[in-house]
Amino acid sequence: NDKAQVFINFRGADLRSHFAPYLHDVLHKNGINAFIDDKLEVGDDLTDLFEKIEESTVAVAIISSRYTESDWCLNELVKIKECVDRRTLRVIPVFYKLEISIVKKLKGSFGLQLWKLWRKENH
């Protein structure tokens, strides 16, 4: 099956060169079809990514300390949430070098960046 079964969501600048490709390779070696956005560049249309999310049955959201600095990541996360709400997708969160309490309580630069975006976008 060419369709993605696992969609890997992560902030590229933090994880593109080591953890995300490693996870992708491990999944493939174990017969799990996974998708990682290693060919898209800033400014590219996100339609293809959203289709891969829709085709997936699982999303792995790798949350790092600078995750909230990426509009791209957050747009993917919104699409993931839409699929979760429709019960077509399950999410496995991975907190990469980040305390869960920082995410839960929106602390530090992680929380500050998210609050700035929230105010800016008026969500």
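Close-up 1. Helices here are DSSP runs of H or I with at least four residues, strands are E runs of at least two, and both are numbered from the N terminus. As for α4 itself, its end C-alpha atoms sit 21 Å apart, which agrees with the 21 Å that its 15 residues should span at 1.5 Å a residue (the expected span being 1.5 Å times one less than the number of residues). This is a predicted model, so local features need pLDDT of at least 70 and side-chain atom pairs count only at pLDDT 80 or more, while totals for chains, interfaces and linings use all residues. Residues are numbered from 1 along each chain as its sequence is written, and side-chain values use heavy atoms, with hydrogens and water left out.

**Close-up 2. Helix α4 against α3.** The axes of α3 (residues 47–55) and α4 are 10 Å apart and meet at an angle of about 35°; axes are lines fitted to C-alpha atoms over the stretch in contact, with angles running from 0 to 180 degrees between N-to-C directions. The crossing is right-handed, meaning that the near helix is turned clockwise from the far one by less than a right angle. On the α3 side, Leu49, Phe50, Ile53 and Glu54 make the contact, and α4 brings Trp72, Asn75, Glu76, Lys79, Ile80 and Cys83 (contact means heavy atoms within 4.5 Å). Buried residues of α4 include Trp72, Glu76, Lys79, Ile80 and Cys83; buried means under 20% relative accessible area, exposed over 50%, and partly exposed in between, with a 1.4 Å probe and protein chains only.

**Close-up 3. Asp37 in the loop between β2 and α3.** Asp37 sits in that loop and, at 7% relative accessibility, is buried. Setting aside neighbours within four places in sequence, Asp37 contacts Phe10, Arg16, Leu49, Trp72 and Glu76.

Close-up 4. Look for Thr68 in the loop between β3 (58–63) and α4 (71–85). Thr68 is buried at 3% relative accessible area. A polar atom of the Thr68 side chain lies 2.9 Å from the backbone oxygen of Phe110. The C-alpha atoms of Thr68 and Gln113 are 5.9 Å apart, although 45 residues separate them along the chain. Beyond four places in sequence, the contacts of Thr68 are Leu74, Ser109, Phe110, Gln113 and Leu114.

**Close-up 5. Asn9 in strand β1.** Asn9 belongs to β1 and is buried, with 0% relative accessibility. Its side chain makes a polar contact with that of Tyr67 at 2.4 Å; such a contact is a pair of N or O atoms within 3.5 Å where, within protein, one must be able to donate a hydrogen and the other to accept it, and sequence-adjacent residues count only if both atoms are side-chain atoms.

**Close-up 6. The aromatic pairs.** There are 2 of them in the structure. Rings of Phe, Tyr and Trp (its six-membered ring) pair if their centres lie within 6.5 Å; planes under 30 degrees apart are stacked, over 60 edge-to-face, and the rest tilted. Phe7 and Phe35 are stacked, at 5.7 Å centre to centre with 20° between planes. Phe7 is in β1 (residues 6–9) and Phe35 in β2 (residues 34–35), so the pair ties together parts 28 residues apart in sequence. Phe19 and Tyr96 form a tilted pair, because their planes are at 40°, with ring centres 5.1 Å apart.
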